Amino acid sequence: MPTWIAVLLGAVVGAAGMLAGLAQAGRLAPAPKPEVLVTLAQTLEAEHRRVDLLLKQRDVAGAIAALEQLRTIAWPEPAVAGEAAAVLRHDVYGRLLRLRLDHPEVDPKDADTLAAIAGEGLGADYKSIATNAFTARLVGIRGEIAEKQGRDDDALAAYEEALTMNRALLQQALAGAAP
Amino acid sequence: MKTRSIPSLCGALLLGLALSSCAKRGVDAEPVASPEAAGGADAVGELDILEAELAARIERLRELRPGFTGPAGQEVAGIGGGDGDEATKASEVPQPATERVPPADRPSGGKCTEVCELSASICQLQDQICGLVRRHEGEPRYVQACERAKGDCEFATEACHACG
């Protein structure tokens with residue numbers, strides 16, 4: 001099989017797997033235009049694998065740069081691509097901010113800038129999205145950033161919010177079915 | 001919480017992916033494109049990168065499933081296009097502390113793995129919440145939050161142990 005076909009099939013299967021996982025979470029509103037979501041997921045899957053490879057090569061700066069580029073794409077609105085698109089965005093931003101917090105010496109950004117990135121990633125309506133681990137992680141990270149800014153009250157609120165999400169996810173996992 | 005039927009959605013998505021993947025390279029239905037395409041990156045270089053990614057993914061799968069072979073039954077020699085020892089070097093690189101995804105939505109080892117990974121997340125949040133108490137001793141909101149978080153962590157840890 002030609003190499004490029006194998007690569008393409010790999011990306012397709014990977015993206016499909018990601019979407020199946022999100023759908024299997026069973027609680028995300030469907031995409032009015034699934035093809036938009038599919039395209040987005042396919043693109044992100046390829047980029048995440050590139051970041052995986054860069055990290056394996058210890059190229060943290062390259063990994064951060066690759067994730068920063070994803071901030072510039074036109075993320076589709078939920079009205080077009082459904083809630084899953086927002087969840088995918090939370091995944092990307094969560095990964096970016098986790099890297100930045102773990103490697104503050106790489107392309108340093110102050111806490112205020114990181115807070116703005118977290119807000120940008122979450123968006124205004126993140127609380128309306130069904131509970132999921134990607135959003136929970138990003139909310140928790142926002143708490144870490146608030147703590148670095150010296151905003152302990154906001155940090156506590158974010159940590160508690162993330163904890164509530166994780167508690168709900170644990171209950172779902174233990175129950176073995178969506179509530 | 002809403003529930004959704006999975007099979008029809010997955011089937012439609014797979015079909016859509018298969019049909020759209022070939023056309024996507026030259027078409028942007030929405031302004032969502034890979035940075036490489038947007039930047040006009042060299043196609044050969046892009047394929048080299050993707051090939052390396054796929055080889056790395058296959059290598060990881062082989063570690064998990066001995067005897068696994070790559071596409072078309074080809075044995076994987078290592079990370080494509082590079083030093084033959086690169087795969088060995090890559091496997092010796094300490095795993096980065098940064099985890100990509102909270103595995104709760106991507107269970108890798110079944111329900112128990114998901115439960116235990118959620119337990120780890122909950123207990124990490126407990127550490128973060130209780131860490132704030134040191135600067136806010138005597139403040140009820142912080143103290144109570146820490147106590148609740150400890151309870152959640154204990155429950156989650158027990159759930160993980162009971163599951164495993």
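Contact means heavy atoms within 4.5 Å of each other. The legends below use the term in that sense.

This is a predicted model, in which local features need pLDDT of at least 70 and side-chain atom pairs count only at pLDDT 80 or more, while totals for chains, interfaces and linings use all residues. Residues are numbered from 1 along each chain as its sequence is written, chains are lettered from A and ligands numbered from 1 in the order in which they are written, and side-chain values use heavy atoms, with hydrogens and water left out.

**View 1. Helices H3 and H4 of chain A pack against each other.** Helices (H or I, at least four residues) and strands (E, at least two) are DSSP runs, numbered from the N terminus. H3(A), residues 60-70, meets H4(A) at an angle of about 145°, and their axes are 10 Å apart. Axes are lines fitted to C-alpha atoms, for helices over the stretch in contact, and angles run from 0 to 180 degrees between N-to-C directions. The crossing is left-handed, a term used if the near helix is turned anticlockwise from the far one by less than a right angle, clockwise being right-handed. On the H3(A) side the contacts come from A:Val60, A:Ala63, A:Ile64, A:Leu67, A:Glu68 and A:Leu70. Their partners in H4(A) are A:Val92, A:Arg95, A:Leu96, A:Leu99 and A:Arg100.

**View 2. Helix H4 of chain A is bent at A:Ala84.** The bend is about 60°, taken as the angle between axes fitted to the seven residues ending there and the seven starting there. H4(A) covers residues 78-102, and a straight helix of 25 residues would span 36 Å at 1.5 Å a residue. The end C-alpha atoms of H4(A) span only 31 Å. The expected span is 1.5 Å times one less than the number of residues. Of the 25 residues of H4(A), 21 are buried, so the helix is largely enclosed by the rest of the structure. Buried means under 20% relative accessible area, exposed over 50% and partly exposed in between (1.4 Å probe, protein chains only).

**View 3. A:His90 lies in helix H4 of chain A.** A:His90 is buried, with a relative accessible area of 0%. Leaving aside residues up to four places away in sequence, A:His90 touches A:Gly121, A:Leu122, A:Tyr126, A:Ile129, A:Phe134, A:Thr135 and A:Leu138.

View 4. H2(A) runs over residues 34-56, and its 23 residues should span 33 Å at 1.5 Å a residue. Its end C-alpha atoms are 33 Å apart, which agrees. H2(A) is mostly covered, with 21 of its 23 residues buried. A:Arg58 sits in the loop between H2 and H3 of chain A. Its phi is near 65°, a positive value in a residue other than glycine. Most residues other than glycine have a negative phi. A:Arg58 is exposed, with a relative accessible area of 59%.

**View 5. A:Asp107 occupies the loop between H4 and H5 of chain A.** Helix H5 covers 111-122. Phi of A:Asp107 is near 45°, again a positive value in a residue other than glycine. A:Asp107 is partly exposed, with a relative accessible area of 40%.

**View 6. Helix H7 of chain A is followed by A:Gly176.** The 24 residues of H7(A), residues 152-175, should span 34 Å at 1.5 Å a residue. The end C-alpha atoms of H7(A) are 34 Å apart, in agreement. A:Gly176 has a positive phi, near 80°.

**View 7. B:Cys146 lies in helix H6 of chain B.** H6 of chain B covers residues 140-163. B:Cys146 is buried, with a relative accessible area of 6%. B:Cys146 and B:Ile129 are 17 residues apart in sequence, and their C-alpha atoms are 5.7 Å apart in space. B:Cys146 touches B:Ile129, B:Cys130 and B:Val133, not counting residues up to four places away in sequence.

**Setting of the views.** Chain A has seven helices and zero strands, and buried residues make up 63% of its 179 residues. Chain B has six helices and zero strands, and buried residues make up 35% of its 164 residues.
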